[in-house]
Amino acid sequence: MAGHSITVSGTIAARPARVWRVITDLDHATTIIPSITAVERLTEGPYDVGTRWRETRTMMGRAETHEMEVAQAIPEVRTVVTTVAEGVTYATTMDLAPQGGGTLLTITFAADHPGATGVQRLLWAAAGPLGAAFTRRMLRHEVDEIRLAATNS
């Protein structure tokens with residue numbers, strides 16, 4: 001198995017209910033998170049386990065589209081969104097915890113490649129520190145964007 005996991009946290013001056021509405025608002029995701037340039041809903045209804053959509057993000061000047069699916073949704077507490085690309089399973093977990101009058105938002109991004117070859121494992125190990133730094137920076141930025149959306153509406 002080859003993979004990595006990165007976790008970042010940030011405090012938001014809004015209650016968990018408000019933060020939950022922001023992080024589950026697929027219809028406004030492109031305004032909340034500017035690196036998301038398009039969202040195409042694949043299922044109808046409210047955000048819940050099984051909700052699916054195609055999401056296009058631009059990172060480092062390159063746009064990528066992935067089909068996302070909600071694997072877990074505990075309103076105002078936790079959501080887990082997964083996608084699979086080229087044999088790699090990605091999971092983004094967002095945990096919300098009340099903190100004072102606000103919310104501690106913790107985002108964990110995990111990538112797992114269970115069928116990785118020896119060469120692929122070596123490449124993951126070699127690129128790991130650079131990838132981890134980029135991912136950490138991206139997640140911190142996302143916490144800031146969620147904070148801005150939750151406190152300005």
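A polar contact, as the term is used here, is a pair of N or O atoms within 3.5 Å, where within protein one atom must be able to donate a hydrogen and the other to accept it, and where residues adjacent in sequence count only if both atoms are side-chain atoms. The structure is a predicted model, in which local features need pLDDT of at least 70 and side-chain atom pairs count only at pLDDT 80 or more, while totals for chains, interfaces and linings use all residues. Residues are numbered from 1 along each chain as its sequence is written, and side-chain values use heavy atoms, with hydrogens and water left out.

The side chain of E55 makes a polar contact of 3.1 Å with that of W53 and another, of 2.7 Å, with that of R57. Beyond residues up to four places away in sequence, E55 touches I36, A38, E64, T65, H66 and M68, contact meaning heavy atoms within 4.5 Å.

From here the chain can be followed into strands that are paired, which requires that DSSP finds at least two bridges between them. Strand β4 (residues 62-74) and strand β5 (residues 78-85) run antiparallel and are joined by five bridges, and I74 has R78 in β5 as its bridge partner. Three residues separate the strands of this hairpin, and E76 takes a positive phi near 70 degrees there. Strand β5 is also joined to strand β6 (residues 88-99), again antiparallel, by eight bridges, with V84 standing opposite T89 in β6. The hairpin of β5 and β6 has two residues between its strands, and E86 in that turn has a positive phi of about 50 degrees.

The interior comes next. A nonpolar core is a set of buried Ala, Val, Leu, Ile, Met, Phe, Trp, Tyr and Cys residues joined through side-chain atoms within 4.5 Å, and the largest one here has 32 residues, with V19, Y47, L105, I107 and I146 having the most contacts inside it. Two or more residues of this core come from each of β1 (2-12), α1 (16-23), α2 (29-32), β4, β6, β7 (102-113) and α3 (118-151), and α3 gives the largest share, six residues. Apart from residues up to four places away in sequence, I146 touches I12, V19, V22, I23, I33, M94, L105 and I107.

Helix α1 has P16, V19, W20, V22 and I23 as its buried residues. Seen down the axis of α1, these residues fall within an arc of 160 degrees, taken from the directions from the helix axis to the C-beta atoms, so they line one face of the helix. T24, in the loop between α1 and α2, counts as buried at 12% relative accessibility, and its side chain reaches the backbone oxygen of W20 at 2.7 Å.

G101 lies in the loop between β6 and β7, and its C-alpha atom is separated by 6.8 Å from that of A13, although the two are 88 residues apart along the chain. G102, in strand β7, is buried with a relative accessible area of 8% and, leaving aside neighbours within four places in sequence, is in contact with I12, A13, A14, R15, P16 and A97.

The aromatic rings complete the picture. Rings of Phe, Tyr and Trp (its six-membered ring) pair if their centres lie within 6.5 Å, with planes under 30 degrees apart counted as stacked, over 60 as edge-to-face and the rest as tilted; three such pairs are found in the whole structure. W20 and Y47 form an edge-to-face pair, 6.0 Å centre to centre with 90 degrees between the planes. Because W20 lies in helix α1 and Y47 in the loop between β2 (36-41) and β3, this pair ties together parts that are 27 residues apart in sequence. Y90 and F109 form a stacked pair, 5.7 Å centre to centre with 25 degrees between the planes, and since Y90 lies in strand β6 and F109 in strand β7, the pair ties together parts 19 residues apart in sequence. Y90 is partly exposed, at 26% relative accessible area, whereas F109 counts as buried at 15%.

Note on methods:
Helices (H or I, at least four residues) and strands (E, at least two) are DSSP runs, numbered from the N terminus. Buried means under 20% relative accessible area, exposed over 50%, partly exposed in between (1.4 Å probe, protein chains only).
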